[in-house]
Amino acid sequence: MTTEFLNDYIDRATENLGISVRPEWKPNVAMFFEVARGMAKMIEATEAATSAEAAAVFSPHASE
Amino acid sequence: MTASLAQSAQAITCALARGEVSAEEITRAALERISARDAEIGAFTDITAERALAEARAVDRSRAAGHKLGPLAGVPYAVKNLYAVAGIPTRAGSKINAAYPPATTDALLVQRMQAAGAVLLGALNMGEYAYDFTGENAHYGPSRNPLDTTRMTGGSSGGSAAAVAAGFVPVSLGSDTNGSIRVPAAFCGLYGLKPTYGRLPRTGTFPFCDSLDHLGPFARSVQDLAVTYDALQGQDASDPVCARRPVARVQSDIAKGRDGLRIAIATGYFRTDAEPGALAALERAAKALDVSDEIDIPRAAEARAAAFLITNAEGSALHLERLRKCPADFDPDTRDRFIAGALLPASWYVSAQRFRRMFENTMTDIFARHDVILAPSAPCSAPRLGQKTIVLGGREVPLRANMGIYTQPISFVGLPVAAVPVRETGALPYGIQVIAAPWREDHCLRVAAALEAAGLNG
């Protein structure tokens, strides 16, 4: 992902979410997003997305 | 008399039961210690002196009336300021929440501590919204390490560790999402317990990341840790994650030591990048337990990565409205991470949750062959306050992102961990994680007690 593309993504996504990002914050936001992207690549390589149940918790409760 | 009781909950309850001291005297002495030194340490954000004295007098009246005292009768304690305490705002380390109305009721674990006779002295400093491994805070200043006040306590439960290490209180409560009890315990030379995910109810605490949030205690001894943990147990339907399991008290088990437990040392990922002192501490612990078996936990790096993504995504979703309304009021060190987290594609988060199940299966297989695994808590001893980078494995890396490299893979699948300090005389301490299978906090604390008995903490 190029710096220009990433900055454009940050601009459009934050605008869509209603978050105002000051120009001086953007390099850090981009850096943290890039760290997360690297983490996501590691997870994608495990193929967990197609072979395991998600671990999110949800337990239906009967009314008593 | 009261000065000699500052360090031990067990000593306080015994002295109180014998009538050698009153709970009010204990409480006043603790408040004096805080008044004398907390400006230097920065452990407390709120001191509840009137409440503390009222609770102490209630304990004294109960004793005078001949009633049975609770297991923590007269023991001063304090809580990370993400626990609701009636009458004060639940800051969660933030400036934003400090402007919210004060809590009207106590968090459930505060209620349980009070029921056990403990005396609440106040709320403790922490990294903003618990997104922190340093104990630094742009709004309230850093909590400083009582062992060397130029150094970090670790975070995010920095004030919880500082308050115990400074001798203000013998026990405190914190929270641990990715290492926020285990890292400060390591840097401040304390014992800590991160129970199994779902063991202790989080009712009445300000969340960070629902999928990974745990609560737990700090103490200066395994005995105090066990008594406090036992007082905190019990399910609560208000927390949907809290397991419907019976209370499993551990205090009477810790004397069993390590006998019969199959213990292994984590190798591979958990030996990579640690500084020599951290590895030497692990070796000392292994030698004290006569352990030579090793286990290389596969995909630990991926487990850490998945924990990072889940934390980033859930934490950011929690704070989205605050990021919209008042982003400039966040601590800059957390704000930019939360904004980045709000932008993560949903598929990254879901894949991380799916990997969590995969890694849980890996750990289940490992715990079929072992009862306890030893690993470092942090790759280094306490860094200097303000330090931004650290050299690990010969590379200079961001400090904040790397203090949890050994704790994150473990809490990712909710395993119980006792944090145990290892310290050479005159040196800064390191921390060891004593990791067990889900719901086996007794195994963690038995091994922690064996290490304590071996005299590894300076």
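Helix α9(B) passes α12(B) in a left-handed crossing. In this predicted model, α9 spans residues 300–318 of chain B and α12 spans residues 346–367 of chain B. Their axes come within 9 Å and cross at roughly 135°. An angle over 145 degrees would count as roughly antiparallel and one of 65 to 115 as roughly perpendicular; α9(B) and α12(B) are therefore oblique to each other. From α9(B), the residues B:E302, B:A303, B:A306, B:L309, B:I310 and B:A313 take part in the contact. They meet B:W348, B:Y349, B:A352, B:Q353, B:F355, B:R356 and B:F359 in α12(B). Classed by residue type, this contact of α9(B) with α12(B) contains 10 nonpolar, one polar and two charged residues.

Helix α12(B) also meets a helix of chain A. The axes of α2(A) and α12(B) come within 10 Å and cross at roughly 50°, an angle that makes α2(A) oblique to α12(B). The crossing of α2(A) with α12(B) is left-handed. On the side of α2(A), the contact is made by A:A40, A:I43 and A:E44; on the side of α12(B), B:W348, B:S351, B:A352 and B:F355 are involved. Five nonpolar residues, one polar residue and one charged residue make up the contact of α2(A) with α12(B).

The residues of the contact of α2(A) with α11(B) comprise six nonpolar, one polar and two charged.

Chain B contains an open sheet of 11 strands with mixed pairing, in the order β1-β3-β2-β4-β6-β5-β12-β13-β9-β7-β8. Its edge strands are β1 (44–47) and β8 (294–295) of chain B, each of which pairs on one side only. Within the sheet, strand β4 (residues 171–176) of chain B pairs with strand β6 (residues 214–219) of chain B in the antiparallel sense, over six bridges. In this pair, B:S172 stands opposite B:F218 in β6(B). Helix α3 (residues 49–64) of chain B packs on the sheet and touches β1 and β3 (119–124) of chain B; the direction of α3(B) makes about 155° with that of β3(B). Helix α4 (residues 108–115) of chain B also packs on the sheet, touching β2 (76–80), β3, β4 and β6 of chain B. The direction of α4(B) makes about 150° with that of β3(B).

Elsewhere in chain B, strand β10 (residues 389–392) and strand β11 (residues 395–398) run antiparallel and are joined by four bridges. β10(B) and β11(B) form a hairpin with two residues between them, and B:L392 stands opposite B:R395 in β11(B). In the turn, B:G393 has a positive phi of about 60°.

Chain B is divided into domain 1 (2–254) and domain 2 (256–453). The centres of domain 1 and domain 2 of chain B, taken over C-alpha atoms, are separated by 22 Å. The contact between them takes 57 residues from domain 1 of chain B and 55 residues from domain 2 of chain B. On the side of domain 1 that touches domain 2, at least two residues each are supplied by α6 (182–188), β5 (191–194) and α7 (222–232) of chain B. The largest share of this side, five residues, comes from α6(B). By class, the residues of domain 1 of chain B on this side are 29 nonpolar, 16 polar and 12 charged.

Technical notes
Residues are numbered from 1 along each chain as its sequence is written. Chains are lettered from A and ligands numbered from 1 in the order in which they are written. This is a predicted model: local features need pLDDT of at least 70, side-chain atom pairs count only at pLDDT 80 or more; totals for chains, interfaces and linings use all residues. Two strands pair if DSSP finds at least two bridges between them. Domain bounds come from an automatic or database domain assignment. Two residues are in contact if their C-beta atoms, placed from the backbone, lie within 7 Å. Ala, Val, Leu, Ile, Met, Phe, Trp, Tyr, Cys and Pro count as nonpolar, Asp, Glu, Lys and Arg as charged, and the others, Gly among them, as polar. Axes are lines fitted to C-alpha atoms, for helices over the stretch in contact, and angles run from 0 to 180 degrees between N-to-C directions. Angles under 35 degrees count as roughly parallel, over 145 as roughly antiparallel, 65 to 115 as roughly perpendicular and the rest as oblique. A crossing is left-handed if the near helix is turned anticlockwise from the far one by less than a right angle, and right-handed if clockwise.
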